[in-house]
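Subject: Structure for you to look at

Hello,

Here is the structure I promised to pass on. Please open it first, then read my notes below.

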Amino acid sequence: MKALKIFAIAVISGLLVSCSEDFLKLAPISNMNENDFFNTESDFETAMTSVYATLYNSYGPNSAACLSEMMSDECIVYDGKVLTGGGITANDFISLNNYSSLPSSTAAKAFWNTTYSDLNKINKTLDKLLVSEFGKTAAGAQYQGALRFMRGLNHFNLVRIFGDTAFKSFAFS
């Protein structure tokens with residue numbers, strides 16, 4: 001009986017000291033993750049390609065440019081034939097064109113969500129760049145300027161459509 005108690009205590013104390021938190025915090029080896037990704041100039045170049053791809057959201061068919069020009073004579077809806085996608089319906093564009101858009105418009109909601117998602121991507125890349133060694137080089141400074149411009153452009157588009165909005169200068173997790 002005494003041997004069983006000693007064995008149980010040895011097993012329990014062995015389990016308590018054998019596992020550390022590092023054992024539980026493993027990065028997936030099959031995928032890139034943000035903790036291991038932002039290290040080299042090539043990594044930041046890849047991230048910048050992703051950031052530049054967000055320009056399509058700002059100037060594509062369901063963008064701020066399209067939404068802001070819908071109520072002018074620069075953009076006309078003919079018989080409901082407009083480019084739609086991302087949950088935006090032709091009725092949203094027709095109501096904008098007829099000055100009868102409602103606050104529940106899916107076009108406005110989709111633009112709001114997409115723009116803040118783009119801002120998060122931009123801010124995350126900028127945050128990682130600022131703490132990296134590459135961020136201290138001349139090329140890193142050029143990337144910082146491009147990221148700050150892209151952030152400003154997205155905020156400009158938000159203000160143009162919605163008026164005074166929250167300035168987002170940090171990434172959400």
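Accessible areas here come from the Shrake-Rupley method with a 1.4 Å probe. On that basis, the protein chain exposes about 11,400 Å². Carbon and sulfur atoms supply 62% of that area. Please keep in mind that this is a predicted model.

**The overall picture**

The protein chain has 9 helices and 0 strands. Along the sequence, its pattern reads α-α-α-α-α-α-α-α-α. The chain holds 173 residues, and 31% of them are buried. I also looked at contacts between residues at least 6 apart in sequence. Of these, 61% join residues at least 24 apart.

**H8 and H9**

Start with two helices. H8 covers residues 106-130, and H9 covers residues 138-162. Their axes are 10 Å apart, and the packing angle is about 160 degrees. Angles over 145 degrees count as roughly antiparallel, so H8 is roughly antiparallel to H9. Their crossing is left-handed. By class, the contact between H8 and H9 has 15 nonpolar, 8 polar and 3 charged residues.

Gln144 sits in H9. Is Gln144 buried or exposed? The cut-off for buried is under 20% relative accessible area. Gln144 has 17% relative accessibility, so Gln144 counts as buried.

Which residues does Gln144 touch, leaving out those up to four places away in sequence? They are Leu126, Leu129, Leu130 and Gly135. Take Leu130 from that list. Leu130 and Gln144 are 14 residues apart along the chain, and their C-alpha atoms are separated by 7.9 Å.

**H4 and H8**

H8 also packs with H4, which spans residues 41-53. The angle between H4 and H8 is about 160 degrees, and the axes lie 10 Å apart. H4 and H8 are therefore roughly antiparallel to each other. The crossing of H4 and H8 is left-handed.

Which residues meet in this contact? On the H4 side they are Phe44, Ala47, Ser50 and Val51. On the H8 side they are Lys121, Ile122, Thr125, Lys128 and Leu129. By class, the residues of this contact divide into 5 nonpolar, 2 polar and 2 charged.

Leu129 of H8 turns up in both places. Leu129 is one of the residues that meet H4, and Leu129 is also among those touched by Gln144.

**Lys128**

Lys128 lies in H8. Lys128 has 22% relative accessibility, so Lys128 counts as partly exposed.

What does Lys128 touch, not counting residues up to four places away in sequence? The list is Glu34, Asn35, Phe38 and Phe44. Phe44 belongs to H4. Asn35 is 93 residues from Lys128 along the chain. The C-alpha atoms of Asn35 and Lys128 are separated by 9.2 Å.

**Where to begin**

Best wishes

Key:
Residues numbered from 1 in each chain as written. Predicted model: local features only at pLDDT ≥ 70, side-chain atom pairs only at ≥ 80, totals over all residues. Heavy atoms only, no water. Helix = DSSP H or I, 4+ residues; strand = E, 2+ residues; numbered from the N terminus. Buried < 20%, exposed > 50% of the residue type's maximum accessible area, 1.4 Å probe, protein only. Contact = heavy atoms within 4.5 Å. Axes fitted to C-alpha atoms, helices over the stretch in contact; angles between N-to-C directions. Parallel < 35°, antiparallel > 145°, perpendicular 65-115°, else oblique. Left-handed = near helix turned anticlockwise from the far one by under 90°. Nonpolar A, V, L, I, M, F, W, Y, C, P; charged D, E, K, R; others polar.
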